[in-house]
Amino acid sequence: MRFVDTALGRSVMVMGAALAAAVTALVSGCAHRAPQAPAKPNASAPSAPNALPEAGLPSVQGAVRTWDEYRLRAAKRMVAANPDKSYTGTPPDPLLAIPVLDITVKADGSIDRIDVVRVPTQAKDTVELAKEAVRRAAPFGEVGRLPKPWKFRETFLYGDDRRFKPMILDQ
């Protein structure tokens, strides 16, 4: 019986040491990260097609393999570029408006044009709000390796407070 207790005690000590090492590694890894400033909304005119992305926006570097990956990256940039005009939680029920846009981009990911696919029956102003959100987040990254046409569709879920969530983030 004494052997079992000693073996069990050693096992608990080894597991405790491993847990302590894991926690230490996790905490030390977090301690060395530089804090990132939140993205500042640009209340002025929409960004120019060749403008550099603002600090704090998700990177557009790196190739994407599918349009779904591209849409996801674009949606994350839209939310980051519009922190006071977007949300990431559960969409409200009922939604105020659901505008749908087709966004055509150039090879470098800058906006070529924005077409309205669906205008909501109420809160029609959300169409312009969605277009402005797209413009603030552009460019979205190169699309040269993706099949043409270089176009993706995004559905915007607006609540009563006129804050949006790109639908792809809710899937």
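Which residue lies over the face of Trp150? In this predicted model, that residue is Lys148, at 4.7 Å from the ring centre.

The largest nonpolar core holds 27 residues. Tyr70, Met78, Val105, Val134, Phe140, Phe152 and Phe156 touch the most other members. At least two core residues come from each of helix 2 (67–81), strand 1 (100–105), strand 2 (111–118), helix 3 (125–137) and strand 3 (151–158). Helix 2 gives the largest share, 5 residues.

Helix 2 has 15 residues. The helix reaches 21 Å from first to last C-alpha, close to the 21 Å expected. Of its 15 residues, 11 are buried, so helix 2 is largely enclosed by the rest of the structure. Arginines are among the buried residues, including Arg71, Arg73 and Arg77. The buried residues of helix 2 pack against strand 1, helix 3, strand 3 and strand 4 (164–166). Met78 is one of the buried residues of this helix. Beyond four places in sequence, Met78 touches Ala133, Val134, Ala137, Phe140, Phe152, Glu154, Phe156 and Phe164.

The structure contains 6 aromatic pairs. One joins Trp67 and Tyr70: the ring centres are 5.3 Å apart and the planes stand at 75°, so the pair is edge-to-face. Both residues lie in helix 2, 3 residues apart, about one turn of the helix. Both Trp67 and Tyr70 are buried. Phe156 and Phe164 also form an edge-to-face pair, with 5.5 Å centre to centre and 65° between the planes. Phe156 is buried at 0% relative accessibility, and Phe164 is buried at 1%.

Key. Residues are numbered from 1 along each chain as its sequence is written. This is a predicted model: local features need pLDDT of at least 70, side-chain atom pairs count only at pLDDT 80 or more; totals for chains, interfaces and linings use all residues. Side-chain values use heavy atoms; hydrogens and water are left out. A nonpolar core is a set of buried Ala, Val, Leu, Ile, Met, Phe, Trp, Tyr and Cys residues joined through side-chain atoms within 4.5 Å. Buried means under 20% relative accessible area, exposed over 50%, partly exposed in between (1.4 Å probe, protein chains only). Helices (H or I, at least four residues) and strands (E, at least two) are DSSP runs, numbered from the N terminus. Contact means heavy atoms within 4.5 Å. The expected span of a helix is 1.5 Å times one less than its number of residues. Rings of Phe, Tyr and Trp (its six-membered ring) pair if their centres lie within 6.5 Å; planes under 30 degrees apart count as stacked, over 60 as edge-to-face and the rest as tilted. A charge sits over a ring if NZ of Lys or CZ of Arg is within 6 Å of the ring centre and within 35 degrees of the ring normal.
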